[in-house]
Amino acid sequence: MARFLAVAAFGLLCSAQRPFSTSELIRDPGVYGPPLELVHLYYDSFPTGIAVSASGRLFSNYPGALDKNDTYAPGNGRYTIAELVSNTTESPYPSAAINSPPGGAINYTTYPPSGAGYSDYFIGSQSIVIDALDRAWVLDTGNFPLSSRRCLSCLLIDDIRKGTNPERYFSVGDLRRTKVGGDHAHQQSNSATHLSKVAFPDSYLNDVRFDLRKNVTASGKGVAYITDSSVEGRNGIIIVDLGTGESWRHLDGHPSVRPEQQYLSFQWGIPLYANNAGKPFGYNSFGADGISLSADGESLFWKAVGSRYLFSIPTARLRDNSATSEVMAQGAITNHGQTGQSDGFEVDTNGYIYHGNMEQNAIGFFNPANGTDQIYVRDPLINWVDTFSTGTDGYLYFTVNQLDFGPGFYSNAGPVSLDMLMMGTIRETGPTH
């Protein structure tokens, strides 16, 4: 018995001597994956897009619809499209002139004020995308702010390799091609489609992807796929035949392109309710936003910002505009499950679909080959990842613009920093574009 008591006493003594500390407890490391590199620091401007050319030139856009500080007015020097010329400076692209509509980007003669509506100037560019031919396309919503109820929906091409001024300028509502030489612009009516059929007064055309394969359209010029993420109106996907100018919508109001009811996300533990000026706060109501083609162009992936679910559809179903095409399209949607809250998407030639996962301070990727979604990189610097671009240098570039801490959301996070980030991380899959 005495020996047993001695052993018990020794056990109690050892237990008492254990340090009372959290140092040995499991904890979130906060970081994961390859290291991040700061590529560009924006100051007092709100970027969404990032596009990387084949030669490594970097371009961004600044939509006034999301931040009125980025809206051009005479004398303020603002621009909506820029080339990043150093790690802290930008230059209006392709020129200051096209970023400077006469009298400013806002038409104050309407109530509420609306986009100025010039078809040969940038008003409020939501996206800049570089296609497989190394041409820069700009999607200009013509909106300011989100509720201004003017949708211009413009596309512009610039052949970066040739170093030319904009070659062609498309407006979805009145399709035109513009050749700009020196100070003179020649506009030629190519074909027309009525704006009201594809983009409505309360539309907000958000992101665009291009399939330039010659066999996807009779014209051989390819197609564009555009998301309508409007917080006010119908959400859907717009398809444009780049050869004929014909355009149509699919999945109008379908649950896959709509935000979830009472959707609430969190950043750093803070609930992000929608901040509706002059009204009680509500829920995130952004619809279909991020969009990406599969590596082979046979599928289109998208998500609503107000949802954690990833969807896809065969692109053949979207290109079909026959009498039963909408029925066929809705029946062909695949739900790939939850992948976190995301904004922009990007694909590489391995087929991985990269996306933000802001609640995890992370970037994830979906692998269509096995249907799984995984974290690629995680870091406390990451919050709202808006847009991605893959470079031929093997890097994945992305913007972190703090939209979740901006005036559109009601939170206790305090004022948003004036510094926005564009970062890069090496992809293990190697140089692809």
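**Entry 1: ground rules**

I call a residue buried when its relative accessible area is under 20%, exposed when it is over 50%, and partly exposed in between, with a 1.4 Å probe and protein chains only. This is a predicted model, so I note that local features need pLDDT of at least 70 and side-chain atom pairs count only at pLDDT 80 or more, while totals for chains, interfaces and linings use all residues. Residues are numbered from 1 along each chain as its sequence is written, and side-chain values use heavy atoms, with hydrogens and water left out.

Strands here are DSSP runs of E with at least two residues, numbered from the N terminus. I take two strands as paired if DSSP finds at least two bridges between them.

**Entry 2: a four-stranded sheet**

I looked up an open sheet of four strands and found the order S14-S15-S16-S17, with antiparallel pairing. Which strands stand at the edges? They are S14 (205-211) and S17 (247-250); each has a single partner strand, so one side of each is left without a neighbour in the sheet. On average, neighbouring strands of this sheet are turned by 25° against each other, direction ignored; the axes behind that angle are lines fitted to C-alpha atoms, and angles can run from 0 to 180 degrees between N-to-C directions.

Next I followed S14 to its partner S15 (residues 223-228): five bridges join the two, and they run antiparallel. Opposite Phe210 I found Ala224 in S15.

**Entry 3: salt bridges around the sheet**

Side chains of opposite charge can pair when their charged atoms come close. For a salt bridge I need a side-chain nitrogen of Lys or Arg within 4 Å of a carboxyl oxygen of Asp or Glu. The structure holds 12 of them.

I started with Arg249 and Asp228, whose side chains meet in a salt bridge at 3.1 Å, N to O. This pair links distant parts of the chain, with Arg249 in strand S17 and Asp228 in strand S15, 21 residues apart. Are they buried or exposed? Arg249 is buried, with a relative accessible area of 12%, and Asp228 is buried too, at 0%.

Then I turned to Arg234 and Asp252, which form a salt bridge at 3.3 Å, N to O. Arg234 lies in the loop between S15 and S16, and Asp252 in the loop between S17 and strand S18 (265-267), so the pair ties together parts that are 18 residues apart in sequence. Arg234 is partly exposed at 44% relative accessible area, and Asp252 is partly exposed at 28%.

Elsewhere, I noted a salt bridge between Arg78 and Asp44, with the closest N and O atoms 3.3 Å apart. Arg78 is in the loop between strand S3 (58-61) and strand S4 (81-84), while Asp44 is in the loop between strand S1 (36-43) and strand S2 (50-52), 34 residues apart. Asp44 counts as partly exposed, at 29% relative accessibility.

**Entry 4: the largest nonpolar core**

A nonpolar core is a set of buried Ala, Val, Leu, Ile, Met, Phe, Trp, Tyr and Cys residues joined through side-chain atoms within 4.5 Å. The largest one has 18 residues, and Tyr225, Leu251, Leu300, Trp302 and Ile313 touch the most other members. The elements giving two or more residues are S15, S16 (236-241), S20 (288-293), S21 (299-304) and S22 (309-314). S20 gives the most, with three residues.

Not counting residues up to four places away in sequence, Leu251 touches a list of residues including Ile237, Val257, Trp302, Ile313 and Ile333.

Asn357 lies in strand S25 (residues 353-357) and is buried, at 9% relative accessible area. Leaving aside neighbours within four places in sequence, Asn357 is in contact with Thr339, Gly340, Gln341, Ala362, Ile363 and Ile375.

In strand S28 (residues 385-390), six of the six residues are buried, so S28 is largely enclosed by the rest of the structure. Four bridges join S28 to S29 (residues 395-400), and the two run antiparallel. Thr390 has Leu396 in S29 as its bridge partner. Their hairpin has four residues between the strands, and there Gly394 takes a positive phi near 90°.

My last stop was Tyr410, found in strand S30 (residues 409-410). Tyr410 counts as partly exposed, at 41% relative accessibility.

Terms used
Contact = heavy atoms within 4.5 Å.
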